[in-house]
Amino acid sequence: MIKCVHCGEENEPIFTYCLSCGKPLEQSLSSFKPRAAPAGKGAGWNLVAVRADGGLGTEYPLIQGANTIGAKGSQVMVADDPRVADQHATVEIGDDIAFLKDLGTRHGTFVRIRGERVLADGDQVRIGHALFALELKRPRPQPAPDGSAWLGSLGVLPDHYGRVLRLGPEDVVLEAHVLSKPEVTLGRTAGDILMADDPFVSSRHAAFVRSGETCTLKDLGSTNGCYLRTRGRVAIHDGDQILLGHHVFRFQRNARA
Ligand SMILES: [Zn+2]
């Protein structure tokens with residue numbers, strides 16, 4: 001399977017365009033190298049720090065090719081954040097595509113979900129201060145040939161297709177929320193998953209919605225959004241917001257380019 005770098009959809013390798021978003025799947029191959037821009041043309045892209053009040057701060061112009069983000073010796077410097085590594089992530093700018101890649105860090109690199117996003121088993125999402133992981137249920141075992149149920153297969157949980165785990169330090173599971181309804185909502189004042197003590201969470205923030213055997217995360221118009229942890233190289237687009245540690249950057253075209 002080829003995992004689309006634009007939308008995350010898994011596609012059969014016989015296809016050349018993603019069935020979900022229509023972008024060329026060639027860009028999703030690990031061997032794909034973005035074309036450099038013609039000589040003399042600037043990269044035309046910036047990372048702009050987003051301040052805690054939502055306003056925009058320092059602008060970091062990006063160069064063609066690889067730009068690093070991190071605490072030391074990087075093009076885009078992030079100081080005073082213990083969850084940001086010296087070399088944390090790269091933004092690779094090509095002529096017609098840009099990629100974000102986490103450099104194997106402990107705390108990860110996240111991209112804000114626009115509207116909704118299909119999640120895969122093991123995906124991690126930052127919402128407010130909290131980190132959640134999606135655990136999709138493995139296919140239900142078939143009854144044994146003599147018709148008896150497998151020991152331990154009954155009476156433990158209601159019918160469900162997965163769980164949302166709230167992770168603490170060292171990935172310890174703090175809470176487990178069973179996905180047994182078509183829609184499991186999360187919010188500060190309302191929802192199945194309540195986050196009453198987190199000021200960064202909107203009153204109705206997000207919903208985990210069943211879609212077949214998997215789960216779609218829907219942002220319900222929250223102020224601070226939901227951020228998906230990147231796995232491997234992902235394409236980023238104009239206006240995307242990137243989160244590392246507690247720092248948010250907006251990837252955008254340079255208006256002066
Ligand atoms: Zn796609």
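Two strands pair if DSSP finds at least two bridges between them. Strands are DSSP runs of E with at least two residues, numbered from the N terminus. Residue numbers start from 1 along each chain as its sequence is written. This is a predicted model, in which local features need pLDDT of at least 70, side-chain atom pairs count only at pLDDT 80 or more, and totals for chains, interfaces and linings use all residues.

**View 1. The open sheet that includes β10 and β18 has 5 strands.** Their order is β10-β18-β17-β15-β16, and the pairing is mixed. At the edges are β10 (116-119) and β16 (193-194), each of which pairs on one side only. Strand β18 (residues 214-219) runs antiparallel to β10, and 4 bridges join the two. Within this pair, arginine 117 has leucine 217 of β18 as its bridge partner.

**View 2. A second open sheet of 5 strands has the order β6-β5-β7-β8-β20.** Its pairing is also mixed. The edge positions belong to β6 (76-77) and β20; each has a single partner strand, so one side of each is left without a neighbour in the sheet. Strand β5 (residues 65-70) runs parallel to β6, with 2 bridges joining them. Glycine 70 has methionine 77 of β6 as its bridge partner.

**View 3. Strand β8 pairs with β7 and with β20.** Strand β7 (residues 89-93) is antiparallel to β8 over 5 bridges, and the two form a hairpin with 4 residues between them. A residue is buried if 20 or more other C-beta atoms, placed from the backbone, lie within 10 Å of its own, and exposed if 12 or fewer do. In β8 (residues 98-102), 4 of the 5 residues are buried, so the strand is largely enclosed by the rest of the structure.

**View 4. Leucine 100 belongs to the largest nonpolar core.** Such a core is a set of buried Ala, Val, Leu, Ile, Met, Phe, Trp, Tyr and Cys residues joined through C-beta atoms within 7 Å. Of its 51 residues, Leu100, Val111 and Leu217 touch the most other members. Beyond its neighbours within four places in sequence, leucine 100 has contacts (C-beta atoms, placed from the backbone, within 7 Å) that include Ala89, Val91, Thr109, Val111 and Ile242.

**View 5. Arginine 51 lies in the loop between β3 (45-50) and β4 (56-61).** This arginine 51 is exposed, with 11 other C-beta atoms within 10 Å.

Key: Two residues are in contact if their C-beta atoms, placed from the backbone, lie within 7 Å.
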